[in-house]
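Please look over the sequence and the model, then read the points below.

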Amino acid sequence: MPIRTNRGRTAVYRRLWGWPLRSPRHLVGTLVILAVVLTALGILLPKAIGKPGPTAAGPGSSATATSRPGVAAPVTVTSTLPPRLTSQPPPSSAPPDQDGIRVAKNWVTAWANHPDGTTTEQWLSGLKPYTTEEYLAGELTTVDPANIKATRVAGEPQVVSSLAGSMEVDVPTDGPRVRVTVVKTNPGWRVTKFTQAG
């Protein structure tokens with residue numbers, strides 16, 4: 001009968017299984033190696049088994065899939081639902097609203113009203129009844145009334161474009177022509193933008 005010692009196979013196995021538990025570094029290294037091996041098996045094993053690829057069948061042909069135990073037959077999905085991304089139709093034009101035109105003209109009249117010595121606060125208070133709060137508190141606060149070349153409205157407003165909830169109106173002045181964008185809000189028509197040309 002052979003004599004069993006601590007130097008045999010048991011000692012070798014004990015050394016292999018005990019190595020990961022010697023330090024945290026050994027444990028992390030073992031887990032990383034194990035993860036790499038499992039990932040490689042997950043990628044290579046289906047290829048080795050011979051996982052069937054998709055078969056293309058024409059409209060008049062009959063394709064029969066080989067039946068294997070434990071593998072479900074491919075399902076053809078046909079849907080009559082519309083695609084998820086649908087383009088919105090462009091906004092439809094609408095006849096010009098006289099209230100919006102009046103607000104545009106009144107806004108340009110207040111815009112051009114800046115006698116010498118007018119402060120920005122005074123000028124903005126004249127625009128307030130005709131302007132959205134966001135526009136009044138934003139870009140308009142950077143305008144210096146002394147740099148405005150117009151002093152009065154010099155003609156009747158002309159509608160450039162009119163949609164259901166917004167309009168662009170050109171208002172002539174004794175200086176530049178002012179294009180005003182007005183939108184319909186809960187309190188009524190309000191100016192959200194202006195540009196000047198000429």
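How many helices and strands does the secondary structure of the chain come to? The count is five helices and four strands. The model is a predicted one. From the N terminus on, the order of elements is α-α-α-α-α-β-β-β-β. The chain has 198 residues, and 20% of them count as buried.

**Nonpolar surface patch**

- A nonpolar patch on the surface is formed by L21, L27, L31, I33, L34, V37, L38 and L41.
- Together these residues have about 790 Å² of accessible area.
- One of the patch residues, L41, is found in helix 2, which covers residues 24–49.
- L41 has a relative accessible area of 46% and is therefore partly exposed, since that category lies between the 20% limit for buried and the 50% limit for exposed.

**Packing of helices 3 and 4**

- Two packed helices are described by the angle between their axes and the distance between the axes.
- Helix 3 spans residues 98–112 and helix 4 spans residues 120–127.
- The two helices pack at an angle of about 165°, and their axes are 8 Å apart.
- Because of that angle, helix 3 is roughly antiparallel to helix 4, the cut-off for this description being over 145 degrees.
- The crossing in which helix 3 passes helix 4 is right-handed.

- Side chains of opposite charge can pair when their charged atoms come close.
- A search of the whole structure finds four salt bridges.
- D99 is partly exposed at 42% relative accessible area, and R102 is partly exposed at 43%.
- K105 forms a salt bridge with E156, and their closest N and O atoms are 3.2 Å apart.
- K105 lies in helix 3, while E156 lies in the loop between helix 5 (133–137) and strand 1 (158–162), so the pair ties together parts that are 51 residues apart in sequence.
- K105 is partly exposed, with a relative accessible area of 26%, whereas E156 counts as exposed at 55%.

- The side chains of D170 and R179 meet in a salt bridge with an N to O distance of 2.7 Å.
- Is D170 buried or exposed? D170 has a relative accessible area of 9%, so D170 is buried; the cut-off for buried is under 20%.
- R179 counts as partly exposed, at 29% relative accessibility.

**Strand 4**

- Strand 4 covers residues 189–197, and Q196 has its place there.
- Q196 counts as partly exposed, with 44% relative accessibility.
- Q196 and P172 are 24 residues apart along the chain, and their C-alpha atoms are separated by 9.7 Å.

Methods: Residues are numbered from 1 along each chain as its sequence is written. This is a predicted model: local features need pLDDT of at least 70, side-chain atom pairs count only at pLDDT 80 or more; totals for chains, interfaces and linings use all residues. Side-chain values use heavy atoms; hydrogens and water are left out. Patches are made of residues with over 30% relative accessible area and no salt bridge: like charges are joined within 9 Å, nonpolar side chains (Val, Leu, Ile, Met, Phe, Trp, Tyr) within 5 Å. Accessible areas come from the Shrake-Rupley method with a 1.4 Å probe; for residues, only the protein chains shown count as cover. Buried means under 20% relative accessible area, exposed over 50%, partly exposed in between (1.4 Å probe, protein chains only). Axes are lines fitted to C-alpha atoms, for helices over the stretch in contact, and angles run from 0 to 180 degrees between N-to-C directions. Angles under 35 degrees count as roughly parallel, over 145 as roughly antiparallel, 65 to 115 as roughly perpendicular and the rest as oblique. A crossing is left-handed if the near helix is turned anticlockwise from the far one by less than a right angle, and right-handed if clockwise.
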